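User: I want to learn how to read a few features in a structure. Please start with the model itself, then go feature by feature.

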Amino acid sequence: MRLSRFHLATVKEVPADAEIASHRLMLRTGMIRKLAAGIYTWSPLGLRVLSKVENVVREEMNRAGALELLMPSVQPKELWEETGRWQKFGGQLLKIKDRKDAEYCYGPTHEEVITDYARNELRSYKQLPVNFYQIQTKFRDEIRPRFGVMRAREFLMKDAYSFHLTADSLADEYRNMYDTYGRIFTRLGLKFRAVQADTGAIGGNASHEFQVLADSGEDAIAFSSESDYAANIEKAESLAPAQARPAPAQALERVPTPTQKTIDEVSAFLGVKPAQCVKTILVRGNDGLVALCVRGDHEVNEVKAAKLAEMPGESVLADEAEIVRATGTKPGFIGPVGLPENIPVIVDRDAAVLADFVCGGNADGTHYRGANWERDAHVTRVEDIRKVVEGDASPDGRGTLSIARGIEVGHVFQLGDRYAEALKATVLDDAGKSQVMQMGCYGIGVSRIVAAAIEQNHDDAGILWPEPMAPWQVVICPINAAQNAQVREEADKLYAELSARGIDVLLDDRGLRPGPMFADMELIGIPHRIVVSERGLAAGTFEYRRRGESENRAIARDEIAQLIS
């Protein structure tokens, strides 16, 4: 590609709302341009990178035996009603009407559509197992789209769906996709980790997320110091403490805390550690409010809490009016002692072994000191409802947990028969009996991978692309080519030679001065730079620098192809 014939529009300034490196650099390089909140145009430069990611994904999916198709992005309401997700999916589902007032949604995912396809196409167990995939634009109406394409409303996704006669067959394909994802992210040059994950709105029996490790990641990952255990912090189990609860040693005492509401304020005021306090959170349950009690230095895990029998499948904080109506007390002073008996009290494992603890007094401006379970506060039951923290014992019993940040770029699920049962997707088994199919679901955020790679690979000058994702492998930068015919001719000759070898090469023939030309090439992150200059040609060499290195090297023409490959 000759850069004089390409649309490259780099800029120095970016909007103030570009908070993370990938968003800033994708705007500065001109890879994307914002059309509306969470909706972006991909420029020719951005599309080159996006297409390279897409090609690797497609090659590995085909290698794994999956079959590519393309489903409609607009989906009828009736399908979503069959699975019960028309209302359950929530505000992220963009609902639209046609001229006849028929209702549709713009697909955020395609479980319903592919299952409808399968129930009409698959008749016999002899057609199974089969795995269909597509690479297609999705839309989820995020409440707060941010971070550029990292959390956009419209995004490019690879979604695959497998169908099986048995759970064992599903487990085999799940492993196949797990291994395939590992190959995809390895080929793309990403540092990643596969972690156990919650199945979330998709549902199913088991799932793993593939997380690109980056300090800017929204997800927290817990991993063991002594084993290969790794899980999303929402999924990681907090083991019950080994020690038993001490016997009460203090009398219950109500103390005034007129302005102290938070754990930090209360613990400092009363001279106790946060770990000796109990934090009580009131959430909306199936039959009124539910109290969740954790140690003062811990946080409630909303995903774990949502799975409690008392909960409607989600964890929603009660508002102040609900809390006052139920307890007569404002938030900040709620505790398990003296709560109305109709409020279930679910206590975390670590909080359950505390004795003589501090908690809210259930009266404005007060807390209790010397509180104890059973003696002073009833316990409905003890559960694991907190987020794990650094140093916790690993759930597999080997080592302790460390916490890292990650960006989710892939997710695999064993769905079981959830969607096939709802949509009556059956085949005849070898005995001629109708049987509901088992399903797997496997997603990759293709456009998110681009942003995640930048988060993991950048410096003050710009992007440092992993080579398989770079818009071009190598750029040729001729110096003063307009005034020097030999420089121009040698640059053209080198460009033709590298192109003939199958190397993806860019010739910067815009006629810029070296400073601005080099700055642009570093900004867009081309891995290899070759400078053709009058001085170098006089010495019989070219000047070479790999992106990210600080020194140039003089190399001969016959070294170039080997160096780049």
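Analyst: Ground rules come before features. This is a predicted model: local features need pLDDT of at least 70, side-chain atom pairs count only at pLDDT 80 or more, and totals for chains, interfaces and linings use all residues. Residues are numbered from 1 along each chain as its sequence is written, and side-chain values use heavy atoms, with hydrogens and water left out.

User: Is serine 447 buried or exposed?

Analyst: Buried means under 20% relative accessible area, exposed over 50%, partly exposed in between (1.4 Å probe, protein chains only). Serine 447 counts as buried because its relative accessibility is 3%.

User: Which residues does serine 447 touch?

Analyst: Contact means heavy atoms within 4.5 Å. Residues up to four places away in sequence are not counted; serine 447 then touches Trp42, Leu50, Val149, Phe155 and Leu156. The side chain of serine 447 also reaches the backbone nitrogen of leucine 156, at 3.1 Å.

User: Where does serine 447 sit in the fold?

Analyst: Helices (H or I, at least four residues) and strands (E, at least two) are DSSP runs, numbered from the N terminus. Serine 447 has its place in helix H11, residues 446–456.

User: Where is glutamate 142 found?

Analyst: Glutamate 142 lies in the loop between strand S7 (130–139) and strand S8 (154–164). Glutamate 142 counts as buried because its relative accessibility is 16%. Neighbours within four places in sequence aside, glutamate 142 is in contact with Gln92, Arg151, Ala152 and Arg153.

User: How do I read a sheet? What is the order of the strands in the open sheet of three?

Analyst: Two strands pair if DSSP finds at least two bridges between them. The order is S4-S6-S5, with antiparallel pairing. Strands S4 (74–76) and S5 (94–97) are the edges, each pairing on one side only. S5 and strand S6 (residues 103–106) run antiparallel and are joined by four bridges. In S6, glutamate 103 is the bridge partner of lysine 97.

User: And pockets? What volume does the second largest pocket have?

Analyst: On a 1 Å grid over the protein atoms alone, a pocket is an open set of points where a 1.4 Å probe fits, with protein on both sides within 12 Å along at least five of seven lines; lining residues have an atom within 4 Å of a point. The second largest pocket has a volume of about 330 Å³. Its lining has 21 residues, of which Lys261, Lys279, Thr280, Ile281 and Gly332 lie nearest its centre.

User: Which element gives the largest share of that lining?

Analyst: S14, with five residues.

Technical notes
A polar contact is a pair of N or O atoms within 3.5 Å; within protein, one must be able to donate a hydrogen and the other to accept it, and residues adjacent in sequence count only if both atoms are side-chain atoms. Grid points are joined across faces, edges and corners, and a volume is the space filled by probe spheres set on the points.
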